[in-house]
Amino acid sequence: MTSDSAVWTFELASTEDTERFGAALGAVLGAGDLVLLDGPLGAGKTALTRGLASGMGVRGRITSPTFVLAREHHPERRGGTTLVHVDAYRLTSLAELDDLDLDTELTEAAVVVEWGGGFAERLAEDHLLVRIARRDDETREVTLCPQGRRWLDRLPPVFG
């Protein structure tokens, strides 16, 4: 792990490491959180989301919602937070993003948007951009770029 003021970078050797990393991050997610996942096909965005869901304690199989655009996963325990998992890959305009009503979802759920970088930031001023790059040796480089005080206060205890 390296840290450059408010940016943290991690090397993850396997898909399992990516899921474990996601679980640690998922443990601090709550209603109102927006996480944007950015990276090429096969980088590990859905694997990271499986980890987030595990850390949040939500039910249901986590798969890429490419063709349905969004899936909702409810908490296993009473009082837990719902996860809304979105795939913005097929969206072609901000109007289509608006049609998903994600800003309304953010009042009651944590929203994770695959392919969200450079597109979905406008949903919330405070958000976490997660950049994932996959190298030839299958190692993933994950960079956390928090935007807003909400994230700066919570991430250091988890990953600092």
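In this predicted model, Val130 is in contact (heavy atoms within 4.5 Å) with Val35, Leu36, Leu37, Asp38, Leu48, Val142, Thr143 and Leu144, where residues up to four places away in sequence are not counted. Together with Leu144, Val130 has the most contacts inside the largest nonpolar core, which holds 25 residues; such a core is a set of buried Ala, Val, Leu, Ile, Met, Phe, Trp, Tyr and Cys residues joined through side-chain atoms within 4.5 Å, buried being under 20% relative accessible area, exposed over 50% and partly exposed in between, with a 1.4 Å probe and protein chains only. Two or more residues each are given to this core by β2 (7-12), α1 (15-26), β3 (34-38), α2 (45-56), β6 (109-114), β7 (127-134), β8 (140-147) and α5 (149-159), helices being DSSP runs of H or I with at least four residues and strands runs of E with at least two, numbered from the N terminus. The largest share of the core, four residues, is that of α2. Another core, of 13 residues, lies apart from it and includes Leu36, Val84, Val86 and Ala109.

Arg71 belongs to strand β4 (residues 70-73) and counts as partly exposed because its relative accessibility is 29%. Although 14 residues separate Arg71 from His85 in sequence, their C-alpha atoms are 5.2 Å apart in space.

Residues are numbered from 1 along each chain as its sequence is written, and side-chain values use heavy atoms, with hydrogens and water left out. Local features need pLDDT of at least 70 and side-chain atom pairs count only at pLDDT 80 or more, whereas totals for chains, interfaces and linings use all residues.
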